[in-house]
Amino acid sequence: MTQQKRHDAIIALVKRQGYASIEQLTRDFGVTPQTIRRDLNALADEGLIRRVHGGAGLESSTVNTAYTTRKTLNLEAKRRIADLLAAQIPDHASLFINIGTSNEIVAEALRAHRGLEVITNNLNVAAILQHNEDFNVIVAGGQVRSRDGGIIGEATIDFINQFKVDFGIIGISGIDEDGSLLEFDYQEVRVAQAIIRNSRQVFLTADHSKFHRNAVVRQGNISQIDALFTDRQPPEPILRLIEAHDVALHIADAPLAPRVDDAPALA
């Protein structure tokens with residue numbers, strides 16, 4: 001079994017049981033405790049499980065990971081996803097960009113575009129794009145969340161409902177196997193739903209960790225989006241839904257490792 005398949009199996013087991021011990025995982029996978037500890041540490045670093053004494057448990061479905069931590073999780077993958085998504089946005093397009101660290105990286109990838117009109121409820125996105133004189137950046141009104149610069153509330157929804165744009169760019173905290181798009185904050189979800197309703201095309205950015213993550217509020221369903229941008233092939237149940245609803249799937253290529261024969265010769 002490859003490391004990636006073992007990681008996926010560990011996540012599935014923890015989700016099924018709620019907790020798995022190092023002893024059980026060592027026995028089930030036929031590897032050493034040291035290997036399992038490395039696996040669990042790597043999965044915890046990606047935010048896929050919660051590392052606890054003697055094993056692993058589920059991440060909370062009611063409390064999101066801190067914003068400062070999320071900014072660094074899977075950063076390289078998020079940058080590749082953002083570059084792939086930005087390549088699908090033409091110059092002189094109108095778009096919503098929602099709350100989320102992945103969306104902030106998308107904003108960075110869009111800075112070389114021309115003539116964009118960007119409506120956002122994310123102060124960090126506005127700060128990233130404000131210096132491009134060729135852009136028209138419009139910031140939604142509403143309540144500003146101190147922890148991440150997100151703008152939410154009824155005023156935000158009313159503001160977004162005034163527009164109809166070419167592209168809505170949204171992120172997500174988790175994608176369930178039934179296609180549910182999951183978030184932690186009810187008010188944030190209502191804003192995202194308004195963005196979906198008022199976009200001609202909806203682009204979802206989600207790195208691979210989102211396929212295994214639980215959150216308590218249903219934002220919508222994967223059938224409502226036009227394209228998913230990620231860094232690994234989704235699990236089979238999600239892949240079937242994507243195909244059934246004609247959702248375009250864009251997978252960012254991982255950087256190639258240097259070949260052995262490309263290494264410099266030793267003197």
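Two strands pair if DSSP finds at least two bridges between them. The exercises below apply this to a predicted model.

**Exercise 1.** In what order do the three strands of the open sheet stand, and which strands stand at the edges?

Solution. 
Step 1. The order is β1-β3-β2, with antiparallel pairing.
Step 2. β1 (19-21) and β2 (50-52) each have a single partner strand, so one side of each lacks a neighbour in the sheet and these two strands are the edges.
Step 3. On average, neighbouring strands of this sheet are turned by 25 degrees against each other, direction ignored.

**Exercise 2.** How many bridges join β2 to β3, and which residue stands opposite Arg50?

Solution. 
Step 1. β3 covers residues 55-57, and three bridges join this strand to β2.
Step 2. The two strands run antiparallel.
Step 3. Arg50 is opposite Gly57 of β3.

**Exercise 3.** Is Leu123 buried, partly exposed or exposed?

Solution. 
Step 1. Leu123 is located in helix α7 (residues 123-129).
Step 2. Buried means under 20% relative accessible area, and exposed means over 50%.
Step 3. The relative accessible area of Leu123 is 35%, so this residue is partly exposed.
Step 4. Together with Val139 and Val144, Leu123 forms a nonpolar surface patch with about 210 Å² of accessible area.

Technical notes. Residues are numbered from 1 along each chain as its sequence is written. This is a predicted model: local features need pLDDT of at least 70, side-chain atom pairs count only at pLDDT 80 or more; totals for chains, interfaces and linings use all residues. Side-chain values use heavy atoms; hydrogens and water are left out. Patches are made of residues with over 30% relative accessible area and no salt bridge: like charges are joined within 9 Å, nonpolar side chains (Val, Leu, Ile, Met, Phe, Trp, Tyr) within 5 Å. Accessible areas come from the Shrake-Rupley method with a 1.4 Å probe; for residues, only the protein chains shown count as cover. A salt bridge is a side-chain nitrogen of Lys or Arg within 4 Å of a carboxyl oxygen of Asp or Glu. Helices (H or I, at least four residues) and strands (E, at least two) are DSSP runs, numbered from the N terminus. Buried means under 20% relative accessible area, exposed over 50%, partly exposed in between (1.4 Å probe, protein chains only). Axes are lines fitted to C-alpha atoms, for helices over the stretch in contact, and angles run from 0 to 180 degrees between N-to-C directions.
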